[in-house]
Structures are given as C-alpha cells and as structure tokens.
Amino acid sequence: MNRYIKLVNFEFNRFLKIYLVLIGITIASQILGAIIRSNQYLNDMNDLLYEQLMTREAALEQLGKISFYHITQTVWFMGPIAICIVTLLIYMFFIWYRDWFGKNTFIYRLLMLPTARINVYFAKATTILLMVFGLVAIQLLMLPVGRRVLQWMIPVDFRVDQTIREILTSFDYLMILFPSTFYEFVIHYAIGFAVVLVVFTAILFERSFRWKGIVFGLIFGAFAVTIFIFPVIVQAFILPEFFYPIELFALECIAGLVVVSLSIWTSNYLLKKKIRV
Amino acid sequence: MIEVKDVKKRFGRKEVLKGVSFTAEKGEITCLIGINGVGKTTIMNAIVALTPINSGQILIDGEELHKGSYEKITFIPDAITMLPQMRIIDAMQFMDDFYDCWNEKRAEEILSFFKLDKQERIANLSKGNTAKVNLLLGLAMDVDYILMDEPFSGIDIFSREQIAEVFTSHLIEDRGVIITTHEINDIEHLIDKVVLLNEGYVLKEFSTEEIRENEGKSVIDVMREVYQS
C-alpha cells in the first residue's frame, strides 16, 4: 500500500508540469473569454444605443440580455475543456508507452520494484482519475469566477444572473462533467474509470504480444463493450420492456463490475506472466 | 544460487534459447559469453522476469522469482533505468523510497569512487558516466545477486578501467554476479566461471581457475578453441 501511494505520487509528479499548463490555459482562456464576450456584447449594445439611436427597450428586445450561458458557448470556454480532455486521452496511452520508448528504459525499474506489478497499473489509473477530478474541480471553481467577471462588466439591467446550478443545467456538455445527481455522477465517472482500465489492459496486451497484442487488445476492448451493453441489448431486442429501470441499472452495475474485474485480472496476469521490456 | 534449467525462449518463429542450463553461485563472478544475438540479454531479462520464457525454470535460492526477490537480486541493463530528467540525487531518492535494501552509505561511497556529481541530470551525463550511475543504482543495493548486461559497452578506456576496479573491491565481495560482456580482456582475470553460448545453447561451462591451472589456458584461448572449431 505504501509503495502504491509512492507510485501514485511519482506518476502524478511526472505529469505535473503539463498539468499545471492545462490548468493555466483553462483559467486564462475562460477569464479572457468572459471579458471578450462581455466586451463584444457591450460594443453591440453601444452600437444600437448610440449609433443607431435605439431606445434601451428596443435595443434589449433586439440583442437580448446576456447571461453566463452565452459565455459557455464560446471557444474560449469550451476550447480549454476540449484541450484538457484530448490531452488526458493521449496521456492515457503516453503514461505507459513513454516508459518503453525514448532514451530511458524506466519500465525495467518499474517492473523490478519489490511490490506487486499490478500496483503500477493501479497507480497509473489512479493518477489519471486524480487528474480528471482535479480538472473538473478547477472547472467548477471557474464558473463563479467567470460569472463574477460578467457581473463586473455588464450593468445589471443588461444581464441575466444565473445560479451555478442554472449554468450547469443550461448546457448539455457541462451536464456530462457535472451531473445533477450523485447517482448520475457515479455512473458517468465509473464508466470513465472502467474505460481507462480497459484501455490499459489493451495496452498491456500490445506490450506483451506486440503486433498480435494489438489484435488481442481490440478483441478485449470489443468484448468489454459487449459485456457492458449486454443488458441494454437484451432490453432492446430480446426481451423488450422486460426490466424495470432500476433492474436495468442494477444489471448495468453488475456488467460494469464484471468488466472492471476482468480488466484487473487480465492485466495482473499479463504483468506477472507475459509482459516484456 | 541462481539456477537456470533448460530454458527455452522463442521470439515469433525464431528460437533464441534452445534449452539453456547453468548455475551461478553466490560469491562468484559468472560471465556469459557469446557473439551478438546468442541470447545473453534474453537470459538476463528472463532471470529477473522482464521477458517471459516458453519453458524451463529459473530459481533463485531454490525459489521462483516473486516480488520480494527484487530485494535480493538486481539487474543492471546496458541502458539507464531512470528518467533522463532526473538528477542523480533524485534517482538515489527514488531507490531509497522503494527498496528496503537500498544502502545510502554505500551509494555515497560509490558516488565518490566514480567522482560523480549528484546534482547533475542524467540526460546531461556522458555515456561513461551514465554507465557509472547505472552501476551505482545496482551496486548500492544490499542484494545477494547482481546481473550486469554489457557494463563496458561503448565507453572509453578510462571509464572501463574504473568500472573494472569495482570487481576487485568490497562492493562485489560475497555477492553472486552474472555478467555479459564483449570486453573480456578487461575482466578476464576476475571471473570465476564462464558460460559459452552459441545459437541458443550452452557450448561449454567451465571454471576459469581449473582451465588456467590444469590446462594453462586463458578464457580467450578456450573461446578460440570452441568458437573456431
């Protein structure tokens, strides 16, 4: 356990610089986005009021009031979220492959640590999970910050103030990152974590059997997806409307647990018996 | 004792090891010799479970390798096993964090023996100094067995001499060493046992002392006889 925690700490520190850059990009872009979008609204409003000499009511009728929702629709807001997601997706592969390739042969060291090799797998998965939660937390903190920027820049008569909950529910993509119930939160992030474990197992197949391993990895991935969606397939095509929603949810949880267990067991076997440097 | 028993290993269609057997005792230096591609590195990797074998058995003091074995045996490959961005001191700290058998005092001793600056980054080291850091990380562990793969590969003569000195020092004393090298001249007088490999087989296994005393031959003489016949 002690060595597992040390490994998590070590893995996290290896990515820290890029991680801090991602956080920096998110903070800077979203604050800048709030300023630019608010400024753009003010310019448009000034144009209607002072160039086209409209009344305030007519200008508001034409342009509408601005809310934080409008800021979330800009590339300044969604761009850094997309960058973070893409970076973490790439890092899911990089976290393993960098230990084999390049100038270092760090995988020798990782595989020769006096601890169960599966701890390396768990440490890398935990690192990814911590990074995801960290970025999600930063994003959550950025919502009131962006909203405050909007409030500073736009007079109260020209804006609609939204609560954080309203901001989250007004935009579908944010609903994925910040589900409205704990139940949905567990589903979203458990599926994400299961995907990470399945991808890790596929990578270990490739690292154990090289070219053949790519095929094994793809088969394993397809098998995992099939197991996971099996209850839904049964409900849709074999026994239509047979399960109550709560039963279907329970079956999905069991299928998810099977996928996760299978990934861990297979990875443990590959790391112990098949992996090569 | 490390026992390698009838080990076979295949990479795709090529059978690299075709039933290799030998033993390496504690307190002895055993040298694996053979031309490129005979499977020396594969044997080393297999002993520390970095390459799975197809059949056969490898025992370390009568047991198959398990996670605790890495406190008993260490492998020094021909490439550095630490991250290039690390400083030497970071690498030493890493070893201290993860290995109970890490001996900080000995590490400091080796550091000054090799005249290495522990603040230097691994990426900035010369090839010779990289090899020395690799040796430092292996030798500073209080283990019973040390495996070294081509420790003299591609480094200058002065670094080679310095590394060869290690073999006569107390750093190696009482430990079992398995070494692969092409630079046999550097350590010929230090090795106790030789395993000559060819095309996946052990051609000959002999004690250097017996060969010297009984037949008046050097290791290189025996190599010539065996490989050129």
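The legends below describe close-up views of a predicted model.

View 1. An unreviewed UniProt entry lists "transmembrane region" for residues 16-36, 75-97, 118-143, 185-205, 214-237 and 249-271 of chain A. Two of these spans are described here. Residues 75-97 of chain A are 100% helix and 0% strand, with 31 Å between the end C-alpha atoms. Residues 214-237 of chain A are likewise 100% helix and 0% strand, and their end C-alpha atoms lie 31 Å apart.

**View 2. Packing of helices α4 and α6 of chain A.** The axes of α4 (residues 75-97) and α6 (residues 118-153) of chain A come within 11 Å and cross at roughly 170°. Angles over 145 degrees count as roughly antiparallel, and α4(A) and α6(A) are therefore roughly antiparallel to each other. From α4(A), the contact takes in Ile81(A), Cys84(A), Leu88(A), Met92(A), Ile95(A) and Trp96(A). From α6(A), the contributing residues are Lys124(A), Thr127(A), Ile128(A), Met131(A), Val132(A), Leu135(A) and Gln139(A). By class, the contact of α4(A) with α6(A) comprises 10 nonpolar, 2 polar and 1 charged residues.

**View 3. The mixed sheet of chain B.** Six strands of chain B form an open sheet in the order β5-β6-β7-β3-β8-β9, with mixed pairing. Strands β5 and β9 (201-207) of chain B are the edge strands, each pairing on one side only. On average, neighbouring strands of this sheet are turned by 15° against each other, direction ignored.

**View 4. The β8-β9 pair of chain B and helix α7.** Strand β8 (residues 193-198) of chain B pairs with β9(B) in the antiparallel sense over 6 bridges. Leu197(B) has Val202(B) of β9(B) as its bridge partner. Helix α7 (residues 208-215) of chain B packs on the sheet and touches β8 and β9 of chain B. The direction of α7 makes about 65° with that of β9(B).

**View 5. Two loop residues of chain B with positive phi.** Most residues other than glycine have a negative phi. Ala49(B), which is not a glycine, has a positive phi near 60°. Ala49(B) sits in the loop between α1 (40-47) and β4 (55-60) of chain B. Ala49(B) counts as buried because it has 24 C-beta neighbours inside 10 Å. Asp61(B) is not a glycine either, and its phi is positive at about 50°. Asp61(B) lies in the loop between β4 and β5 (73-76) of chain B. With 14 other C-beta atoms within 10 Å, Asp61(B) is partly exposed.

Conventions. Residues numbered from 1 in each chain as written. Chains lettered and ligands numbered in written order. Predicted model: local features only at pLDDT ≥ 70, side-chain atom pairs only at ≥ 80, totals over all residues. UniProt positions renumbered as here; feature names shortened; annotations may be inferred. Helix = DSSP H or I, 4+ residues; strand = E, 2+ residues; numbered from the N terminus. Axes fitted to C-alpha atoms, helices over the stretch in contact; angles between N-to-C directions. Parallel < 35°, antiparallel > 145°, perpendicular 65-115°, else oblique. Contact = placed C-beta atoms within 7 Å. Nonpolar A, V, L, I, M, F, W, Y, C, P; charged D, E, K, R; others polar. Buried ≥ 20, exposed ≤ 12 C-beta atoms within 10 Å, placed from the backbone. Pairing = 2+ DSSP bridges.
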